[in-house]
Amino acid sequence: MCLLRCSMWTLIFAFAETLIASAGTVKDPVAIVEVKPGYSDEARRARYEGDTFLSVDVDARGRPKNVRPVRPLGLGLDEEAIKALRQWRFRPATKDGEPVEKTIFIEIDFRLSKKTKARIVSRAASPPLYGDH
């Protein structure tokens, strides 16, 4: 009985491993051209600083689509970030060696005293939560 049951589980696990392997893994997009966002006049006058998080769909050609704020900052800085991100270019995500579309999340850190910085913070299917950076 154990021999039959053990063989059955071995077969099930082997089948599951085959399914997982055939699903392939998606390699993340990589930014190859980054355009730094400007500072809005309104935010500069108010001496306003902070972080904004944006969701970006990177298409199979490496172009950003559907750039939208997930955690807006306000005072025109989100619009500046969106305008800059639309000019970024990426090496697209790939699955089994073929380019595919993938959503990523990017944090833009607006600072008056330092240079504004941008970084990819998450390549997951959901945005980072408040305080997760």
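V30 lies in strand β2 (residues 30-33), where helices (H or I, at least four residues) and strands (E, at least two) are DSSP runs numbered from the N terminus. The model is predicted, so local features need pLDDT of at least 70 and side-chain atom pairs count only at pLDDT 80 or more, whereas totals for chains, interfaces and linings use all residues. Residues are numbered from 1 along each chain as its sequence is written, and side-chain values use heavy atoms, with hydrogens and water left out.

Two residues illustrate the accessibility classes, in which buried means under 20% relative accessible area, exposed over 50%, and partly exposed in between (1.4 Å probe, protein chains only).

| Residue | Relative accessible area | Class |
|---|---|---|
| V30 | 31% | partly exposed |
| E107 | 6% | buried |

E107 is found in strand β8, and its side chain is joined to that of R119 by a polar contact of 2.7 Å, the term denoting a pair of N or O atoms within 3.5 Å, of which, within protein, one must be able to donate a hydrogen and the other to accept it, while residues adjacent in sequence count only if both atoms are side-chain atoms.

Helix α3 (residues 77-85) is largely enclosed by the rest of the structure, because seven of its nine residues are buried, namely L77, D78, E80, A81, I82, A84 and L85. The cover over these buried residues includes α2 (41-45), β3 (50-58), β4 (64-71) and β8 (102-110). Leaving aside neighbours within four places in sequence, I108 has contacts (heavy atoms within 4.5 Å) that include L54, A81 and K117.
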